[in-house]
Amino acid sequence: MDIITSFMTGTIGLIVLIVVHLVIGSFTGWLAGNKGYESTITWFFAGFFFGIFGLLTIGLASNLKYEKQLINLSEKLEKLNINDSPSETRKSKDTKNDITRCVKCRKIIPPDSLSCTYCGAPVVA
Ligand SMILES: [Zn+2]
């Protein structure tokens with residue numbers, strides 16, 4: 001009986017260990033995929049063999065998806081700046097004609113005034 005019991009606990013212990021590592025491995029692979037890494041299977045094995053250390057490695061690794069989103073966002077912002085430039089050229093054209101417009105009420109004010117003569121808003125150069 002003793003031999004069987006120790007064999008059983010040993011087997012169960014091994015199965016539990018494998019299951020725990022399978023869970024960690026799956027979670028590591030899932031996290032890697034979630035972070036934008038393509039080698040999900042490699043990360044699964046890393047989590048399976050190194051357990052919590054593999055999970056920590058991917059947990060601390062930089063999020064590729066976030067980085068891609070940041071790059072996309074900065075590109076969009078650059079495009080927005082390009083779209084904004086025509087209004088800037090119009091503004092400089094206004095200064096060429098010695099016309100200054102109030103930022104707040106858009107009324108034409110003397111070019112050398114420091115504040116708007118209509119609403120009193122400060123004039124930004
Ligand atoms: Zn004004």
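In the protein chain of this predicted model, 27% of the contacts with a separation of 6 or more are between residues 24 or more positions apart; a contact here puts two C-beta atoms, placed from the backbone, within 7 Å of each other. Residues are numbered from 1 along each chain as its sequence is written. Because the model is predicted, local features need pLDDT of at least 70 and side-chain atom pairs count only at pLDDT 80 or more, while totals for chains, interfaces and linings use all residues.

The chain runs α-α-α-α-β-β, with helices (H or I, at least four residues) and strands (E, at least two) taken as DSSP runs numbered from the N terminus.

Now for the helix packing. Helix α1 (residues 2–34) sits against α3 (residues 52–60) at about 10°, axes 9 Å apart; axes are lines fitted to C-alpha atoms over the stretch in contact, and angles run from 0 to 180 degrees between N-to-C directions. So α1 is roughly parallel to α3, a label for angles under 35 degrees. On the α1 side, Ile24, Phe27, Thr28, Leu31 and Ala32 make the contact, and on the α3 side Ile52, Gly54, Leu55, Ile58 and Gly59.

In α3, the buried residues are Gly54, Leu55 and Ile58. They span an arc of only 100° around the axis, so they lie on the same side of α3, the arc being that of the directions from helix axis to C-beta atoms. Their cover includes α1 and α2 (40–50). Phe53 and Leu60, on the other side of α3, are exposed.

Key. Angles under 35 degrees count as roughly parallel, over 145 as roughly antiparallel, 65 to 115 as roughly perpendicular and the rest as oblique. A residue is buried if 20 or more other C-beta atoms lie within 10 Å of its own, exposed if 12 or fewer, and partly exposed in between; C-beta atoms are placed from the backbone.
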